[in-house]
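Reader: I'd like to go through this one label by label. Could you show me the structure, and then I'll ask what stands behind the words?

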Amino acid sequence: MKKNLIVFSAMALFAMGGAFAQETSKKSVKKTVTTTTKAEAKKVVTPAIEGAGMVFENETIDYGTVEHNADGKREFVFVNNGNKPLVISQCTGSCGCTVPSWPKEPIAPGAKAVIGVKYATDRVGQFTKTVTVTSNASETPKVLTIKGNVLPDPAPKETPTKS
């Protein structure tokens, strides 16, 4: 009887110790989750959604200040985060100075792709334009933005005239 009582007591202590050990590990896991920074959160892969999806690295491209007639080509990089192929049916610029290009073939789940945009940098001054993306994604249409400032040509240097 004494032997059974000792074994039972040992088992009870062991079980309680296991419960406390689990509680401690749960607390440390919670601590890890709560100390995640915003930068680390951005690195987390978005879980797959039902259907097709689009997650862009950036939905706004800032050209900054560019020279007159500079290269106006830029790219919006995105991933299909859905579980079905993504089909982009149309991309439309907000005016004739913003010309988008897009993949015509379906984008597989998990695959990266690019929507190109070319802004006509022969137009001087600040600009903010949009590209509207129509697709079979759950969030459609998607509006992307480009912005920047195109500098005028430098003024020609005056040469002294001979009298």
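Author: What follows is a set of questions about labels in a predicted model, each answered from its values.

Reader: Let's begin with Thr98. Why is Thr98 called buried?

Author: Buried means under 20% relative accessible area. Thr98 has 3%, so Thr98 is buried.

Reader: Where is Thr98, and what is it in contact with, leaving aside neighbours within four places in sequence?

Author: Thr98 is in strand S5. With those neighbours left out, its contacts are Gly93, Val117, Lys118, Tyr119, Lys129, Thr130, Val131 and Ile146. Tyr119 is also the bridge partner of Thr98 in S6.

Reader: What makes S5 and S6 a pair?

Author: Two strands pair if there are at least two bridges between them. S5 and S6 are joined by four, so they count as a pair, and they run antiparallel.

Reader: And S1 with S3, how do you know that they pair?

Author: The cut-off is at least two bridges, and S1 and S3 have two, so they pair, again in the antiparallel sense.

Reader: On to the inside. Which residues have the most contacts within the largest nonpolar core?

Author: That core has 24 residues, and those with the most contacts inside it are Tyr63, Phe76, Phe78, Ile115, Val133 and Ile146. Strands S2, S3, S4, S6, S7 and S8 each supply at least two residues. S6 gives the most, with four.

Reader: Take Val133, then. What is Val133 in contact with, beyond its neighbours within four places in sequence?

Author: Its contacts are Met54, Ile88, Gln90, Cys91, Ile115, Thr140, Pro141, Lys142 and Leu144.

Reader: Now the charges. How many salt bridges are there, and what makes Glu57 and Lys112 one of them?

Author: There are four in the whole structure. For a salt bridge, the nitrogen has to be within 4 Å of the carboxyl oxygen. In Glu57 and Lys112 the closest N and O atoms are 3.5 Å apart, so the pair qualifies. Glu57 is in the loop between S1 and S2, Lys112 is in strand S6, and the two are 55 residues apart.

Reader: Why is Lys112 called exposed?

Author: Exposed means over 50% relative accessible area. Lys112 has 58%, so it counts as exposed.

Reader: How do you know that Glu59 and Lys142 form a salt bridge?

Author: Their N to O distance is 3.0 Å, which is within 4 Å, so they form one. This pair also links distant parts of the chain, with Glu59 in the loop between S1 and S2 and Lys142 in strand S8, 83 residues apart.

Terms used. Residues are numbered from 1 along each chain as its sequence is written. This is a predicted model: local features need pLDDT of at least 70, side-chain atom pairs count only at pLDDT 80 or more; totals for chains, interfaces and linings use all residues. Side-chain values use heavy atoms; hydrogens and water are left out. A nonpolar core is a set of buried Ala, Val, Leu, Ile, Met, Phe, Trp, Tyr and Cys residues joined through side-chain atoms within 4.5 Å. Buried means under 20% relative accessible area, exposed over 50%, partly exposed in between (1.4 Å probe, protein chains only). Contact means heavy atoms within 4.5 Å. A salt bridge is a side-chain nitrogen of Lys or Arg within 4 Å of a carboxyl oxygen of Asp or Glu.
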